[in-house]
Amino acid sequence: MDANFWHNKWEKNEIAFHQNEANPLLVKYCAELPLRKGSRVFLPLCGKTLDMPWLLSRGFCVAGAELSKLAVEQLFAGLGVEPKISSAGKLERYSAQHIDIYVGDIFDLTGDTLGVVDAIYDRAALVALPQTMRNRYTAHLTAITNKAPQLLITFEYDQSLMEGPPFSVSSEEVNQHYRGCYDVAPLASVDVPGGLKGQCVAKENVWLLKNG
């Protein structure tokens with residue numbers, strides 16, 4: 001993961017990937033996760049996504065990992081709360097009621113530091129990483145969360161037509177990464193309106209990963 005690439009994106013406000021509302025696919029399929037009020041949902045590479053306040057508004061606790069301190073500061077500013085900042089191993093923890101964000105390299109985040117995770121919601125992490133890093137990421141994610149069930153959203157398109165991120169992740173690759181420790185179930189496949197970044201036809205695929 002090129003840390004400078006992502007720091008530059010945030011510093012230059014080049015964040016077309018940031019949505020101005022909760023992801024409609026999360027809103028539609030969140031109920032597929034085995035969650036109850038107070039459950040803790042982990043969002044890897046979370047940025048300042050509005051999916052987090054949406055989850056909080058439904059009575060869940062959220063945890064996230066994010067490389068950019070600027071993104072996390074903007075997240076808490078948007079929530080209108082002042083975070084408590086503390087050391088968490090090689091990372092910093094920004095915390096407030098029902099929310100903990102770990103700032104730094106996600107590969108430095110341990111399961112002990114992260115704590116209990118009831119479910120994972122990955123809309124922005126797997127698709128943000130180049131293919132050479134995705135095996136390491138998926139193994140690390142399942143390890144630090146103790147194979148928590150997961151709602152995963154991926155893009156699928158002709159990678160030769162556009163450079164990532166977001167990268168295209170095929171159905172075969174999703175199964176390659178996760179079928180060893182999850183039942184992998186496709187929930188939906190929808191066209192990206194207007195194409196991905198207006199450049200090429202793409203689909204968003206929604207997956208439910210549950211322990212077999």
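**Close-up views of a predicted model**

**View 1. The end and the start of helix α4.** α4 is followed by Gly80, whose phi is positive, near 75 degrees. The coordinates shown in this and the other views are those of a predicted model. At the start of α4, the backbone nitrogen of Leu70 has a side-chain oxygen of Ser68 within 3.3 Å.

**View 2. The two sides of helix α4.** Ala71, Val72, Leu75 and Phe76 are the buried residues of α4. Seen down the helix axis, these buried residues fall within an arc of 130 degrees, so they line one face of α4. Ala77 and Gly78, on the other side of α4, are exposed.

**View 3. The salt bridge between Glu92 and Lys69.** The closest N and O atoms of Glu92 and Lys69 are 3.1 Å apart, and the two residues form a salt bridge. This pair links distant parts of the chain, with Glu92 in strand β4 (residues 91-96) and Lys69 in helix α4 (residues 69-79), 23 residues apart. Glu92 is partly exposed, with a relative accessible area of 28%. Lys69 is also partly exposed, at 36% relative accessibility.

**View 4. The salt bridge between Asp51 and Arg123.** A search of the whole structure finds 5 salt bridges. One of them joins the side chains of Asp51 and Arg123, at 3.2 Å from N to O. The pair is 72 residues apart and links distant parts of the chain: Asp51 is in helix α3 (residues 51-57), and Arg123 is in the loop between β6 (119-122) and α6 (131-144). Asp51 counts as buried because its relative accessibility is 1%, under the 20% limit. Arg123 is buried as well, with a relative accessible area of 16%.

**View 5. The salt bridge between Arg134 and Glu173.** Arg134 and Glu173 form a salt bridge in which the closest N and O atoms are 2.7 Å apart. Here, too, distant parts of the chain are linked, with Arg134 in helix α6 and Glu173 in helix α7, 39 residues apart. Both Arg134 and Glu173 are buried.

**View 6. The surroundings of His177.** His177 is found in helix α7 (residues 171-178). With a relative accessible area of 13%, His177 is buried. Its side chain makes a polar contact of 2.8 Å with the side chain of Glu173. A polar contact of 3.4 Å joins the side chains of His177 and Thr138. Neighbours within four places in sequence left aside, His177 is in contact with Arg134, Asn135 and Thr138.

**View 7. The largest nonpolar core.** This core has 39 residues, of which Phe42, Leu109, Leu114, Tyr137 and Tyr178 touch the most other members. At least two residues of the core are supplied by each of β2 (61-66), α6, β7 (150-157), α7 and β9 (202-210). α6 gives the largest share, 4 residues. In soluble globular proteins, nonpolar side chains tend to be buried together.

View 8. Not counting residues up to four places away in sequence, Tyr178 touches Tyr137, Thr138, Leu141, Thr142, Gln150, Leu152, Val184 and Leu209.

Notes: Residues numbered from 1 in each chain as written. Predicted model: local features only at pLDDT ≥ 70, side-chain atom pairs only at ≥ 80, totals over all residues. Heavy atoms only, no water. Buried < 20%, exposed > 50% of the residue type's maximum accessible area, 1.4 Å probe, protein only. Polar contact = N/O pair within 3.5 Å; in protein donor to acceptor, adjacent residues only side chain to side chain. Contact = heavy atoms within 4.5 Å. Salt bridge = Lys/Arg side-chain N within 4 Å of Asp/Glu carboxyl O. Core = buried A, V, L, I, M, F, W, Y, C linked by side-chain atoms within 4.5 Å. Arc of directions from axis to C-beta.
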